[in-house]
Amino acid sequence: MTKTLIRHAIAADFEALLDIDVSSFSGGVAYDAAELAYFMNQEGAETIVLELNGSIVAFLIMGVHRTRRTATIVTLDVREEERRNGYASQLLKRSEEMLTNYGVEAYDLQVDVTNRPAITFYKKHGFQTIRSLRRYYANGHDAFLMMKELA
C-alpha cells in the first residue's frame, strides 16, 4: 500500500518543486527559479507538499491575506505520471482546512482558459468562474479567475 504524507515545504524541497512546475506547464506559464522562490517567500505564503513513499509528487502554494480573510492559490502541481490519483484533491482539501483555521472566507485562483482538465477539476471542487483575464500569461493566453467561498 502506498503511503502519502502532506507537510509544509522546507528549503531542501525547492529543486524538486521547481522540477515539478517546469514539467507541468509550458513556457510562459511555468515559473522559473526566481519566480517560484518569490511566491514561496512572500508574506503570507504557504507551501505544502505531498510525498508518496518519501518522494515529493505534488505541491500547492497559496498566498494568505488574513486581514482580508482571502487567499489565492498560486499553483497546484502534480507530477504527470502521478496525476489522476487524487493527490491534487488531497492538497486542495488540506489547504481548505488550513484556510478555515486562519479564518479565510474565500479563495481564488487563475487558470489558463485552454487547460480544460484543471478547469474541470476546480469546478468539481466548488470553484466558480468569475471572469476572464485577457492575456494573463506571458505566452499571451487568457486566464479564468475562479473563486470558492469557504463555509
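The model is predicted, so local features need pLDDT of at least 70 and side-chain atom pairs count only at pLDDT 80 or more, while totals for chains, interfaces and linings use all residues. Residues are numbered from 1 along each chain as its sequence is written, and side-chain values use heavy atoms, with hydrogens and water left out.

**Fold**
- The protein chain holds four helices and seven strands, in the order β-α-α-β-β-β-α-β-α-β-β; helices (H or I, at least four residues) and strands (E, at least two) are DSSP runs, numbered from the N terminus.
- Its C-alpha trace spans about 40 × 35 × 30 Å along the principal axes.

**Packing**
- Of the 151 residues in the protein chain, 46% are buried, meaning under 20% relative accessible area with a 1.4 Å probe, protein chains only.
- Taking contacts (heavy atoms within 4.5 Å) between residues at least 6 apart in sequence, 59% join residues at least 24 apart.

**A closer look at T75**
- T75 sits in strand β4, which covers residues 70-78.
- Why does T75 count as buried? Its relative accessible area is 6%.
- Beyond its neighbours within four places in sequence, T75 touches D21, F25, Y31, F59, L60 and I61.
- The T75 side chain also makes a polar contact with the side chain of D77, at 2.4 Å; such a contact is a pair of N or O atoms within 3.5 Å where, within protein, one must be able to donate a hydrogen and the other to accept it, and residues adjacent in sequence count only if both atoms are side-chain atoms.

Technical notes. Buried means under 20% relative accessible area, exposed over 50%, partly exposed in between (1.4 Å probe, protein chains only).
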